[in-house]
Amino acid sequence: MSDSLPTSQAKHRLMEDSLRELEFPIVLQLIAQSALSDLGKELILNARPSKDIAWLMLEHDRIGELRDLLVRGEILPTEGISDIRNAVQKSMIAGGFLNASELLDICEAMRACRFLASYFKNKAETSPVLATFGEGFYENRFLEKHITDAIDDTGAIRDTASKELSHIRREIVETSSRLRSRLNKLLSKVSAEDLVTDEFITQREGRFVLPMRASEKRTMPGIIHGVSNTGATVFVEPSEIVEMNNQLSLLLGEERREMIRILTMLTAEIASEAALILGSTDVLAHFDALFAKARYALDMNGMKPVITKDSEIELRHVYHPLLFARQGKKPIPLSIEFGSGILGHLISGPNAGGKTVALKSIGLNIAMALSGIFPLGECLTSPKSLFCAIGDHQSIEHNLSTFSSQVMRLKDIVDHADDASLILIDEICSGTDPQEGSALASAILDHCIEHKAMFIVTTHQSSLKSYALNHKELLNASMEFDPVHLVPTYTFLSGIPGNSYAFALANSIGMSSGVMDKAREYLGDKHSELEQSIASLQAFRVQAEESLKAARMEFSKAQALREEYELKASDIKKKKAEYLQSARNEAKEVLAQANGLIEQTIKEIREQQKDVGDIRKQYDAVKQELTKKLHHAEKTDRNQSDGFSMGDSVIIGDNIRDVGIIITMDQEAGSAVVEFNGIKFKTQLSQLKKANRADKRKAEYSQKSMSTVLKLDVKTSIDLRGYRADEACKDVERLLSDAILSNITLVTIIHGKGTGALRKAIHEQLSSHPAVRSFRNGTIPEGGEGVTVVEM
């Protein structure tokens, strides 16, 4: 990049070059395929990352609402969208006029704007952002009507466009009819005399003529208007129809002038509204681009990003857009985040392991989110300037090697790096002496950290892996590699450096064992230990992820079971309330009937309508019936309150350690299904007692006592440095005992290196301990020979 360019231009050019290296223009071309016109395609192809947070959030809201409409199967009024900007600008040229086709295109585009404005207005409740967007369309129904009244759907000017045009065209029809009639008579005459080559009337230079034989051209007076390609036919306009042809030519000229007058008037109307029409066309172009983005988001499962003011980036399960668009095997997603003091990631691993693809996946998804396009995965980001150094920039023409061209690009990146930058560098400083390249790369990363720039760098250099371990702002990362089959899995692993697997790959293709042994000698033990430690870390991570996955599945099952029981308990409580309410209602009914009976008896006694004996008998009968109902209601209420019911907390006999819950009851059989600590079994109601508060507290205390026996808070490591052998062995025994009680499978003993006596004593103790499955020295990250890792 030229030093003579102003800073703003140099930065803009660097960003454009970076987007090309990410293949962002190719992604835009893919999205533009869904645009309805050149208007939308142009906007999409010119899309670039923006730092306007308000615009980005609004744009994503519009795309989201439009995608929702497409998901619901809505048919949008998109017919008639076209690029009419040149035609509208042409209308403003003095003395010019638009042809019928251009006017018709403008009319159809204006109609599309009107239909879209009405459509979005009707969707204001479900799509409020699009409803506001639709208010930007310009409507002019009078202008639409003027154009459609004058021009039909085929682009021809109607006879009714003006009274004068209608009159002229009627005269043309009449004159043409008389002319054809006269020519047909002449054609019949010359045909009978075999003077013509064909028996039909034709036109030359806009005038009606007869096809005469060249040898007979002088037999009929007239004007010759041309000769056929063979020279055998001459086209003669008979003298007697010359005047009629002249009259027809004059009428056609008048028609042409009248049509131009009509087109000129319509063009003037367009010109008077040109500014508003062009503004509406810009809105129409924006809608076309939104439609293409929404269609892309729907087809590719794009997700609405979150744009934040805070300087952070978080990507979850994002895909490379170009790989995802290909037919065939679905690519592996990746997740990465910046924040909490983390500014950079150093990705290492074997060649062809997916490091460059990972860089581009991250850069493309960020670029899409900041350009108003849904990324392929969850994305949270603040506005960033993207700077990249990806690929080989060597040039014979400019005398640039791979290393020198990358250094020039890195120089430009360093010049413009700030806290609003995201820097992506592939194989940093790899094309030169490894030691010097590593030193230069470290200095560049120092510069990025000092300026708070976020960055992702790929490398094969072991010294840079160590650099990352010594800087809290930087995390190691790698692309997973299957060491058994020697193939990449393309899985991104954050927090773990990667191996290059150069020796393994060379050995797999049959490299001489002598050469491999010699290479290992040159490499040295320290580097081998580092590579082995990295491999161990990767294996532990895989095991941890599998355990986490299993734990999440079990948690999900437990959560579902809990929801099921809560639903059942709620249902039981509801039914219990219904039973109680029913019993109370029945009791109220009995009371009301009893009161009514008493009042009726008193009334009859007063009025002496019946004999007192009869009244008493009737009263006793009704009283007996009401008493039965009352006993039934009391029994129901007592069973629901004093007896057992579903959902009650109970204990069996005097066992207060466990409190259970009644799930179902069988009153006739006198049994119930009770759940104790997740275990269900059937028992007799006679063996159950309702649990009171004291029972529940005792049960809780019992469970807590059990948990203290299990020793859930024991340590998994112990530091014995400075201890004598006999003291250390006692503490080791206690550590192993606690591990057994707490079901811990792995413990760590720190004894230091020293003379090795303490380590030897501990190893002898472990070798004879019945609870120890195996033990080993620690890896370099774990502490090497100063640490023993025990598997129980």
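Biologist: Where is the place of His320?
Modeller: This is a predicted model, in which local features need pLDDT of at least 70, side-chain atom pairs count only at pLDDT 80 or more, and totals for chains, interfaces and linings use all residues. Residues are numbered from 1 along each chain as its sequence is written, and side-chain values use heavy atoms, with hydrogens and water left out. Helices (H or I, at least four residues) and strands (E, at least two) are DSSP runs, numbered from the N terminus. His320 sits in the loop between strand E6 (313–318) and helix H12 (321–325).

Biologist: Is His320 buried or exposed?
Modeller: Buried means under 20% relative accessible area, exposed over 50%, and partly exposed in between (1.4 Å probe, protein chains only). His320 has a relative accessible area of 7%, so His320 is buried.

Biologist: Which residue has its backbone nitrogen 3.2 Å from a polar atom of the side chain of His320?
Modeller: Contact means heavy atoms within 4.5 Å. Beyond its neighbours within four places in sequence, His320 is in contact with Val357, Lys360, Ser361 and Leu364. The backbone nitrogen lying 3.2 Å from a polar side-chain atom of His320 belongs to Leu322.

Biologist: How many Å does helix H4 reach from its first C-alpha to its last?
Modeller: Helix H4 (residues 53–71) has 19 residues. The expected span of a helix is 1.5 Å times one less than its number of residues. For H4 that expected value is 27 Å, and the reach is close to it, at 27 Å.

Biologist: Which residue has a side-chain oxygen that reaches to the backbone nitrogen of Ala54 at the start of H4?
Modeller: The other end of H4 is followed by Gly73, whose phi is positive, near 80 degrees. At the start of H4, the backbone nitrogen of Ala54 has a side-chain oxygen within 3.3 Å, and that oxygen belongs to Asp52.

Biologist: What do the buried residues of H4 pack against?
Modeller: The buried residues of H4 include Ile53, Leu56, Arg62 and Leu70. Their packing partners are helix H6 (100–122), helix H7 (128–134), H11, strand E5 (306–307) and helix H13 (355–370).

Biologist: How many Å separate the C-alpha atoms of Leu56 and Leu370?
Modeller: Leu56 is found in helix H4, and Leu56 is buried at a relative accessible area of 0%. Not counting residues up to four places away in sequence, Leu56 touches Ser50, Ile307, Ala369, Leu370, Ser371 and Gly372. Leu56 and Leu370 are 314 residues apart along the chain, yet their C-alpha atoms are separated by 6.9 Å.

Biologist: At roughly how many degrees do the axes of H3 and H11 cross?
Modeller: Axes are lines fitted to C-alpha atoms, for helices over the stretch in contact, and angles run from 0 to 180 degrees between N-to-C directions. The axes of H3 (residues 38–45) and H11 (residues 274–300) come within 7 Å. They cross at roughly 70 degrees.

Biologist: How do the residues of the contact of H3 with H11 divide, and into how many nonpolar, polar and charged?
Modeller: Leu39, Gly40, Leu43 and Ile44 in H3 meet residues of H11 including Leu284, His286 and Asp288. Ala, Val, Leu, Ile, Met, Phe, Trp, Tyr, Cys and Pro count as nonpolar, Asp, Glu, Lys and Arg as charged, and the others, Gly among them, as polar. The contact divides into seven nonpolar, three polar and one charged.

Biologist: What is the relative accessibility of Cys429?
Modeller: Most residues other than glycine have a negative phi. Cys429, in the loop between E11 and H15, has a positive phi, near 50 degrees. Cys429 counts as buried, with a relative accessibility of 1%.

Terms used: Polar contact = N/O pair within 3.5 Å; in protein donor to acceptor, adjacent residues only side chain to side chain.
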